[in-house]
Every structure is written in structure tokens, then in C-alpha cells.
Amino acid sequence: MKGALIRLHIAVFLWGFTGVLGRAIKLNEAWLVWWRMFITVVTLWVLFYFLNRIRAVAFKDFLKIAAIGTVLSLHWLAFYGSIKYSNVSIALTCLSTTGLMSAVIEPLFFRRRINIFELVLGLFALGGIIIIYATNLHFSVGIYIGLVAALLTVIVSVMNKKLISGYTHDAITLYQLTGGFVGLSILLPFYNMLFPSAQHIPQQLDWLWLIILSWFCTILTFILYINALKQVSAFTVNLTLTLEPVYGIILAFILYKENESLSRYFYFGFALIFIAVVLQMLRLLKDKRKLPVSTL
């Protein structure tokens with residue numbers, strides 16, 4: 001159990017580190033995500049081939065999985081776009097509202113009643129976002145994009161729950177990221193026309209940050225997370241995942257001194273969101289089937 005908890009916290013810490021790396025990489029958000037997915041997908045295919053873990057799926061199922069992967073790639077694009085237009089702290093704060101968004105959105109997809117308590121928590125978190133927005137207007141564009149990123153990751157979660165069962169975590173991860181890479185590659189020329197970027201190829205340290213982002217913050221975290229799930233309760237997993245934005249924001253404060261560009265009301269707004277998220281996680285103690293997987 002102790003080893004599983006350590007692996008889980010390492011995974012969550014690495015997920016929190018993705019925002020810091022996103023700011024360090026000089027590429028714009030689209031090319032950053034494209035290269036991240038390229039390195040990750042190539043590595044996974046080579047790794048799974050030598051480990052004999054590649055399993056075929058029906059073409060129609062691949063299309064479903066690939067569609068989810070494309071939405072995931074758009075989530076990453078919005079997340080890193082939020083960082084580029086604001087900073088890591090703002091982007092992670094917006095992303096921390098995903099659990100509360102899902103409390104409202106999932107009932108609409110699965111045709112069940114909205115829980116009033118969850119709705120109240122959602123309004124609580126909305127109050128936190130409003131406070132942050134009103135007192136950090138210079139980051140308003142980043143906040144808009146960050147909330148889009150949060151919405152997209154909720155859609156990924158809902159689509160994953162509707163995905164047919166019978167496939168391993170390895171197969172879903174491999175084909176989802178592969179499909180996402182293909183989907184993003186198709187959309188990238190159009191995005192580049194709307195938001196042109198002179199730099200398409202990583203330069204100097206960008207390669208190092210991208211490899212760390214792909215190998216450690218994507219592949220390694222997935223392995224650590226899945227292994228931890230075998231021994232750690234759903235409640236512990238959910239509660240630990242609330243530390244993602246906390247780790248990321250602390251790192252951004254230390255490495256980039258982002259606290260100097262944020263108003264003092266940011267902490268109050270973030271506290272409202274964090275309290276709401278923790279209360280929502282406590283509710284999951286009654287439903288051990290809900291196991292969110294981070295999309296960072």
C-alpha cells in the first residue's frame with residue numbers, strides 16, 4: 001500500500017509539472033501538442049511492440065477511440081493555449097473545475113437527475129472563477145481558453161465512460177493517443193492558418209522538455225497511475241488528484257515567480273474552488289466506481 005501511494009503521488013506531481021514544461025517550451029500551443037503526441041505515440045508503439053502488448057481492435061471501435069483522442073488533443077491545445085495567454089497558475093486553476101463541471105454535464109449525457117449538492121458546489125467554484133477573473137483582467141483570454149480546456153476534458157471523460165468495454169488500458173491508451181495525433185495532424189494546417197507560427201521545429205532545450213513531457217509526464221505517469229489503482233481505493237485516488245493544480249501552482253510560483261503577477265484575490269478564488277473540489281471528492285467515497293484519469 002505504501003509503495004502504491006508513493007507511485008500515485010509521483011504520478012500526480014508529474015501531471016502538475018506539465019504546465020511548467022508547457023511554459024518553458026517556446027513552441028506555440030498547437031506545435032507543442034503535436035510534438036508531444038508524436039514523441040509519445042512513436043515511443044508507445046515501439047515499447048508495446050517489444051513488450052508484445054499491441055492488441056488489434058475493430059476498425060469501427062478504433063474510429064470511436066480515435067475521436068476521443070482527437071478531443072483529448074484539443075483539450076491539450078486549449079490547456080497550453082491558456083498557459084501561453086496567461087500563465088500556469090491561471091490555466092491550472094481553470095482546469096481544477098473539471099470535477100464540478102462533470103457533476104453538471106454527466107447527468108445530461110447519461111439522462112439522470114442533477115444532484116443539488118453538486119450543483120451548489122459548482123456555483124461555489126463558479127464564484128471562485130469570477131473572483132479570479134474580475135481581479136486578473138489582464139489574463140482574461142487565458143481564463144476563457146482555460147475554461148474551454150476544462151470543458152473538453154469533461155467531454156473526454158464522458159466519452160470514455162460510453163466507450164465499449166472489453167479492451168485493456170494499454171489498447172485504449174495506444175489507439176486513443178494515435179487517433180488523437182492523426183486528428184490533430186489533420187486539423188493543424190487550418191489552425192496554423194488562423195494562428196500562424198514561424199517556429200514549427202523544437203529548438204535546443206525544447207527537445208529536452210518535450211521528451212520529459214512525453215516520456216515522464218505522459219507514459220510514466222500512466223504506468224504509475226494504473227499500477228496504483230490496483231492497490232489504492234477510489235476515494236484515495238480522487239482525493240490525491242485534487243493535488244494536481246496545487247503541485248503545479250507551487251512549482252510555477254517557485255520557478256517563474258508567478259505569484260508576483262497575480263492579485264491577492266487569486267488565492268481567495270482558488271481557495272473557493274479547491275474547497276468545492278475537495279467536498280466533491282469526499283462525496284465520491286460513496287461511489288467507488290468513479291475513477292477519474294487525468295488528461296494532463
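Modeller: A residue counts as buried under 20% relative accessible area, exposed over 50%, and partly exposed in between, using a 1.4 Å probe and protein chains only. This is a predicted model, where local features need pLDDT of at least 70, side-chain atom pairs count only at pLDDT 80 or more, and totals for chains, interfaces and linings use all residues. Residues are numbered from 1 along each chain as its sequence is written, and side-chain values use heavy atoms, with hydrogens and water left out.

Biologist: How many salt bridges does the structure hold?

Modeller: Side chains of opposite charge can pair when their charged atoms come close. A salt bridge here is a side-chain nitrogen of Lys or Arg within 4 Å of a carboxyl oxygen of Asp or Glu. The structure holds 2.

Biologist: Which residue forms a salt bridge with Arg23?

Modeller: Glu258 does, with the closest N and O atoms 2.8 Å apart. Glu258 sits in the loop between helix H11 (243-256) and helix H12 (265-283), while Arg23 belongs to helix H1 (residues 2-24), 235 residues away. Helices are DSSP runs of H or I with at least four residues, numbered from the N terminus.

Biologist: Is Glu258 buried or exposed?

Modeller: Glu258 is buried, at 1% relative accessibility, whereas Arg23 is partly exposed at 34%.

Biologist: Where do Arg53 and Asp170 lie?

Modeller: Their side chains meet in a salt bridge of 2.7 Å, N to O. Arg53 is in the loop between helix H2 (29-50) and helix H3 (59-85) and Asp170 in helix H8 (residues 169-194), so the pair ties together parts 117 residues apart in sequence. Asp170 counts as buried at 15% relative accessibility; Arg53, at 33%, is partly exposed.

Methods:
Helix = DSSP H or I, 4+ residues; strand = E, 2+ residues; numbered from the N terminus.
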